[in-house]
Amino acid sequence: MAFLKAGSLKSPACKKDLHCERVLQSHLAVSFGGRSRPFVNNGRPVPRDSVVCNFLAIDKEGFQANNSKLLSRRGWAVSEAKSKLAPWTYEVGELKPHEVDIRVTHNGLCHTDMHMRDNDWGVSAFPFIPGHEVVGEVIAVGSDVTGLRPGDRAGVGWISNSCRVCANCKRGEENICEKGYTGLIVMGNHGGFQEICRVNADFAYQIPEGLNSADAAPLLCAGITVYAPLRAHIKHPNTSVAVFGVGGLGHLALQYAHKMGAEVTAISGHQDKAEETHKMGADHFAVWGRDNEKLHGTFDILINTVSADVSTAELMKLLKVDGTLVQVGIPGGGAVMHVPLQDLVFGQKHVVGSIVGGRADMQEMLNFSAVHGVKPLVEAWPLSKVNEAMQHVVDGKARYRVVLTSDWQ
């Protein structure tokens, strides 16, 4: 254990010789088995708001050599494709200037977590910790972080970094970064199924007071996935919008489209969902297969939220001339869309994809949800039951988002 050098923490010697950054007192509780110890200088406690050196302060070289021993992290990881998650520990190094540590309280469980677990898209590396709808309390901030502070509730979604310099990033559209964004759980990066999650602060978002943490978690992927394209394509009031699939994505799309002033139709393969879709904001309900023909040429926008492989030609028939089909569901197995060219060209129709959203849309979506009362229907499961919860989602039994609550002992 290295102790503070003699002299004031704000002295020139400290500023010159030590590698300094802001550290939270609560962060020390992690390193010392839950027992918080105060910073001490010359036998006197140091105020928490002082600028102090990392932990109990040692010179930069010594800190870099010993830091990993101070911070052992634990989470639920998948060790190989298609295997179950199991408890796992790993070590992290120094908190970098632009990073924050978040003590995770809630995780939304998304179909993408299962796709990544099984390496369905070929972008997984093992071992890794899933979870990309993460909410918790900020417990440590790097020296250059200004937008978050200790005690803030913060959320993290699918994107954890981007180039920041391309035209799209400068517009706040990091989801279409020209150089490619960094996924929170892609290629071996670790997500939120852990006790403390470390992320770049620029991709951690303030959770508004109007949202509780369990409701906020699914919005960080499911919410933004449907909010962003609806925000982009709904151009005027009474736009006719169809939401195909009333599940984890679709039940949120119904609410957002309704709150944006659209005339909303829910399309599902299950007649028993009619009543609840009206409560979510749907003006109309239709059953896929049974009602297709009478819906031909009806919609300005159709957003397909299902992860099953559905006929693109059949979906396009439901569009008006100049209508737009938005694909957000991603089936596994390298699914391919077959687009009928005559309908596309003579109907001047649009087929577009949309992937989550950038930082601008993300914070706007959270604020919109808080103001307009958009929230998911959730089932709470303890994180320790993550494998059972995953199977529950795969079996199609969740109504409509599973939220995992941290239960570390």
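Pro127 sits in the loop that runs between helix 4 (111–117) and strand 6 (134–141); helices (H or I, at least four residues) and strands (E, at least two) are DSSP runs numbered from the N terminus. The structure is a predicted model, in which local features need pLDDT of at least 70 and side-chain atom pairs count only at pLDDT 80 or more, while totals for chains, interfaces and linings use all residues. Residues are numbered from 1 along each chain as its sequence is written, and side-chain values use heavy atoms, with hydrogens and water left out.

The peptide bond that leads from Phe126 into Pro127 is cis, with omega near -5°. Arg399 and Tyr400 are also joined by a cis peptide bond, whose omega is about -5°. Tyr400 belongs to the loop between helix 12 (386–394) and strand 19 (401–405).

## Positive phi angles

Arg164, a residue other than glycine, has a positive phi near 70°. Its loop connects strand 8 (159–161) with helix 5 (167–170). Arg164 counts as partly exposed because its relative accessibility is 25%; buried means under 20% relative accessible area, exposed over 50%, and partly exposed in between (1.4 Å probe, protein chains only).

Met187 is not a glycine either, yet its phi is positive at about 55°. Met187 is placed in the loop between strand 9 (182–183) and strand 10 (196–200), and with a relative accessibility of 52% it counts as exposed.

## Helix 12 and its packing

The buried residues of helix 12 are Val386, Asn387, Ala389, Met390, His392 and Val393. These buried residues pack against strand 3 (72–78), strand 4 (85–91), strand 5 (99–109), helix 4, strand 18 (378–382) and strand 19, where contact means heavy atoms within 4.5 Å. Just after helix 12, Gly396 takes a positive phi of about 75°.

## Pockets

The largest pocket has a volume of about 1000 Å³. On a 1 Å grid over the protein atoms alone, a pocket is an open set of points with protein on both sides within 12 Å along at least five of seven lines, a cavity is a set of points where a 1.4 Å probe fits but cannot get out, and lining residues have an atom within 4 Å of a point. Grid points are joined across faces, edges and corners, and a volume is the space filled by probe spheres set on the points. The largest pocket has 46 lining residues, and those nearest its centre are His111, Leu249, Thr305, Val306 and Ser307. Two or more lining residues come from each of helix 4, helix 6 (213–233), strand 13 (263–268), helix 12 and strand 19. By class, this lining has 26 nonpolar, 17 polar and 3 charged residues; Ala, Val, Leu, Ile, Met, Phe, Trp, Tyr, Cys and Pro count as nonpolar, Asp, Glu, Lys and Arg as charged, and the others, Gly among them, as polar.

The second largest pocket has a volume of about 420 Å³. It is lined by 19 residues, with Glu99, Asn189, Arg198, Val199 and Asn200 closest to its centre. Strand 10 gives the most to this lining, with 5 residues. The lining of the second largest pocket comprises 6 nonpolar, 9 polar and 4 charged residues.

## Cavities

The structure holds 2 cavities of 30 Å³ or more, and the largest cavity contains about 50 Å³ of space. Among the residues that line the largest cavity are Trp158, Glu174, Tyr205, Arg359 and Met362. Its lining divides into 6 nonpolar, 3 polar and 2 charged residues.

## Cysteines

A search of the whole structure finds 0 disulfides, a disulfide being a pair of cysteine sulfur atoms within 2.5 Å. Cys221 is in no disulfide, and the nearest cysteine sulfur, that of Cys110, is 4.2 Å away. Cys221 is buried, with a relative accessible area of 6%, and Cys197 is buried at 1% relative accessibility.

## Salt bridges

Side chains of opposite charge can pair when their charged atoms come close. The count comes to 18 salt bridges, each a side-chain nitrogen of Lys or Arg within 4 Å of a carboxyl oxygen of Asp or Glu. Arg73, Asp101 and Arg198 are linked in a network of such bridges.

Asp118 pairs with Arg117 in a salt bridge whose closest N and O atoms are 2.9 Å apart. Asp118 is buried at 16% relative accessible area, and Arg117 is buried at 15%. Glu314 and Lys317 meet in a salt bridge at 3.1 Å, N to O. Both residues lie in helix 9 (residues 312–317), 3 residues apart, about one turn of the helix. Glu314 is partly exposed at 26% relative accessibility, and Lys317 is partly exposed at 37%.
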